[in-house]
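Thank you all for coming.

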Amino acid sequence: MDGAKTDVEDRLLGGATYRSLGEQQLSPAEERFERGRRTVGLFLAPAITLIFLALPLSIPPSQQVLGGLLLGVIVLWISEAVPIPIGGLIGVALIVVFGVAEAADVLAPFGSSTVFTFIGAFILAQAMLKHGLARRFAFRILSLPGVGRSTTRVIIAFGVVTALLSAFVSNTATVAMLLPTALGILSVVAKLLQDRGLVEPGFDPTRLRVGAALMLMLAYGASVGGLLTPVGSPPNLIGRGLIEEATGERISFAQWMAVAAPICLLMFAVLAVVLLLLNKPEIRRIEGVAEYVTAERAKLGKLSVAERNTLIAFVVTVSLWIFPGIVAVVAGTDSAVYDTVSARLNEGVVAVLGASLLFLLPVSWRNREYTLNWSDAARIDWGTIVLFGTGIIFGSLLADTGLAETIGRSSADALGLSSMFAITAFAVILAIVVSETTSNTASAAVVVPIIIPIAVAAGVNPLVPALAATFAASFGFMLPVSTPQNAVVYGSGVVPITTMIRSGVSFDVLGAIIILLLLPLMVAAVGLG
């Protein structure tokens, strides 16, 4: 370990997400493992791709090539043989070279509003971290009665806030607005560990288990909370619309919440247990935190001009993000008012508008100094933006080439599904598998239309299997590209990909079991179907 004392805030603010072995502080055993993992991935990725392309499959060539390249890219992502964004770019380039689709069509999804949400939200987060506003928010949460005394309580309380917000605000927007506060909390805990002599002087604050647990609670908690209402996540509206079209039965806002509430509550409890067991915080009790927080809050003093400007930009952005949800509750998601407001206040457009305020609100008008400089904004994690953009491209191609439908229908035929339980289990598994390599929105749009005709052909009411697929579409927890919120927290540099995969697999399995067993009971209890 380096004997120099770590500057915790600087490390969390400016740390690179995609670091080579030489840029990390690793033990000899960790270094051997990382070197082996990356070497294996470098050779395994092309080998798997070539083997898949050589298989005598009776599917269109474009689907087989896409499948082979996607498998190779997944290996590159998991092994980190090359920086994760580069793995995605290699796959996108080869898709065009191998003629799966034309370049203009392949690259078009990169203009998704989600990409602009990332850009705007990351710039806002950069300002909140630079000027100390995130640290103020963190101290406010830690000063709540009883919360700040234990890392477990801090993580759970933060998860509750995240889940409740994401029920009415998009998951991506929720995570984006809370990320700076999460980093602020981690900074406080890391400095407390440092001041108490519980870590080495040159420790890496981005590799604390408490940080990984906090960040994953932020991402996964938003996904769980997003299931609570129809407007909590785009897959909910997609699935509900397809179910209504297929069955003629409309699920009201209240009925949706009645079905989802017990499921979300149980999922959150399981999530807390999984994250705290797999990412056990370095300390459980934070001794002296009340005194520490009080002293540090006193040092912060009054809001500076830069903090005030950042808060204005943040409040404007969050208000515009929340407004469509308020309209949905008041006027309903089927109203013309909601359609107009949600279309005009697109979350990506709102994010870049809010971020733009940081370059318009002056800190010193005389010197023409504004709240944020472009050199500050340029430090955001562009790699994560590129990564998720390539993930959107793969998701779009899975739908456009028909590969997702081929996988779904061939699997259903091979398994001979005929009962409600079997079709629902298949729907959940397929939605989770597809959502691991595409966005949750793409997963719902692809899987639900596959499940409905399978259920109808088997003489089964499609409502439960389709609703199960809708819920499970939000259950991509393994990879940064699985959901936008995964990508946001991965971009913090605090969650290693191996940690995300280990925690994500565990929660995928347990979440699937909860949906499979509890959803049919709740649908029957509410009187749907």
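Axes here are lines fitted to C-alpha atoms, for helices over the stretch in contact, and angles run from 0 to 180 degrees between N-to-C directions. This is a predicted model, in which local features need pLDDT of at least 70 and side-chain atom pairs count only at pLDDT 80 or more, while totals for chains, interfaces and linings use all residues. Residues are numbered from 1 along each chain as its sequence is written, and side-chain values use heavy atoms, with hydrogens and water left out.

Helices are DSSP runs (H or I, at least four residues) numbered from the N terminus. The axes of helix 6 and helix 16, the latter covering residues 347-357, come within 7 Å and cross at roughly 25 degrees. Helix 6 is therefore roughly parallel to helix 16, a label given to angles under 35 degrees, with those over 145 called roughly antiparallel. Ser113, Phe116, Thr117, Gly120, Ala121, Ile123 and Leu124 of helix 6 touch Glu347, Gly348, Ala351, Val352, Gly354 and Ala355 of helix 16, where contact means heavy atoms within 4.5 Å. The residues of this contact divide into 7 nonpolar, 5 polar and 1 charged, counting Ala, Val, Leu, Ile, Met, Phe, Trp, Tyr, Cys and Pro as nonpolar, Asp, Glu, Lys and Arg as charged, and the others, Gly among them, as polar.

Turning to helix 9, its axis and that of helix 10 (residues 209-225) come within 10 Å and cross at roughly 160 degrees, so helix 9 is roughly antiparallel to helix 10. The residues of the contact of helix 9 with helix 10 divide into 14 nonpolar, 3 polar and no charged.

Which helices each supply at least two residues of the lining of the second largest cavity? They are helix 6 (113-131), helix 9 (171-195) and helix 14 (305-331). On a 1 Å grid over the protein atoms alone, a cavity is a set of points where a 1.4 Å probe fits but cannot get out, and lining residues have an atom within 4 Å of a point. The second largest cavity has a volume of about 40 Å³, volume being the space filled by probe spheres set on the points, which are joined across faces, edges and corners. Its lining includes Ala121, Leu124, Met177, Phe314 and Trp321, and the lining residues divide into 10 nonpolar, 1 polar and no charged.

Key
1 Å grid on protein atoms, 1.4 Å probe; cavity = no way out; pocket = protein on both sides within 12 Å on 5 of 7 lines; lining within 4 Å. Parallel < 35°, antiparallel > 145°, perpendicular 65-115°, else oblique.
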